[in-house]
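Here is a quick tour of a protein model, meant to be read with the structure open beside you.

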Amino acid sequence: MALNFTAIDFETANSSSASACSVGLVKVRDGVVVDKAGWLIKPPLGHDQFNEWNTRIHGIMAPDVVDALLWSEQLPDLVAFADGDHLVAHNAGFDMGVIAGACRASFIEVPEFRYLCSLQVARKTYNLESYRLPVAAMAAGFEDFAHHDALADSEACAAIIVHAARRHDAFSIEQLATATDSRIGAIGPDAAGAVAARRPMAIG
């Protein structure tokens, strides 16, 4: 087994989980970053209003995504980049919700992914006053990055997982999840079955 995964981060145009406007992806092989990618996304119709609050956070405005591909057009590139990896995200429920929400709003099937939350891992690895991404990343030795830039955030997330794995002598995502008592989640058509299959059997 090896520490292989793809870290992912989304920024959204508004409070809708379907309103992804940018994504960052970082591929890790054997605990080393080997590839990075990031691009702007045109949110699905009806979810494409840019709220002032969101723009203040990430700096992306509606004119920036005019020439970007729609979610439905760029999803194959995201899936191809991940190439069957476990996904890792900080507060992963949000990012997995973006994938599911944007797919449903675009009337396309949600792709199957298993994922681990670096926020959960950080809470079981470091003793910090806050486990926000910049603070947890600093504990992992990853500092001075552009928080709320999707690619920079995914790099920070990857750094947390790699550092935590070393701390726990874990050599795979599965081992790290076990060492930190963190759940490996799943999204996609068979998500419920995948989660059920990983639950320990009750012994009477």
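## A walk through the model

This is a predicted model, and the protein chain has a mean pLDDT of 93, with 93% of its residues at 70 or more. The stretch to watch out for is residues 195-204, where the pLDDT is below 50. In the model, that stretch makes six contacts beyond near neighbours in sequence.

Six strands make up an open sheet with mixed pairing, and their order is 3-2-1-4-5-6. Strand 3 (32-40) and strand 6 (185-187) sit at the edges, each pairing on one side only. From one strand to the next, the twist averages 30°.

| Pair | Sense | Bridges |
|---|---|---|
| Strand 2 and strand 3 | antiparallel | eight bridges |
| Strand 4 (residues 87-89) and strand 5 (residues 113-117) | parallel | three bridges |

If you want landmarks for these pairs, Lys-27 has Asp-35 in strand 3 as its bridge partner, while Val-88 is partnered by Leu-116 in strand 5. Strand 2 and strand 3 also form a hairpin, with two residues between them. Asp-30, in the turn, has a positive phi of about 55°.

Next, the helices. Helix 2 (residues 71-82) lies across strand 1 (5-12), strand 2 (20-29), strand 3, strand 4 and strand 5, and runs at about 10° to strand 2. Helix 6 (residues 150-167) packs on the sheet too, touching strand 1, strand 2, strand 3, strand 4 and strand 5. The direction of helix 6 makes about 35° with that of strand 2.

That leaves the inside. In soluble globular proteins, nonpolar side chains tend to be buried together. Here, the largest nonpolar core has 57 residues. Which residues have the most contacts inside this core? They are Phe-5, Ile-8, Phe-10, Trp-71, Leu-78, Ile-99 and Leu-116. Helix 6 gives the most to this core, with nine residues.

Phe-10 is a handy one to click on. Leaving aside residues up to four places away in sequence, Phe-10 touches Ala-20, Ser-22, Val-23, Ile-41, Trp-71, Leu-78, Phe-94, Asp-95, Val-98 and Ile-99.

Methods. Residues are numbered from 1 along each chain as its sequence is written. This is a predicted model: local features need pLDDT of at least 70, side-chain atom pairs count only at pLDDT 80 or more; totals for chains, interfaces and linings use all residues. Side-chain values use heavy atoms; hydrogens and water are left out. Two strands pair if DSSP finds at least two bridges between them. Helices (H or I, at least four residues) and strands (E, at least two) are DSSP runs, numbered from the N terminus. Axes are lines fitted to C-alpha atoms, for helices over the stretch in contact, and angles run from 0 to 180 degrees between N-to-C directions. Contact means heavy atoms within 4.5 Å. pLDDT is the predictor's confidence in each residue, from 0 to 100. A nonpolar core is a set of buried Ala, Val, Leu, Ile, Met, Phe, Trp, Tyr and Cys residues joined through side-chain atoms within 4.5 Å. Buried means under 20% relative accessible area, exposed over 50%, partly exposed in between (1.4 Å probe, protein chains only).
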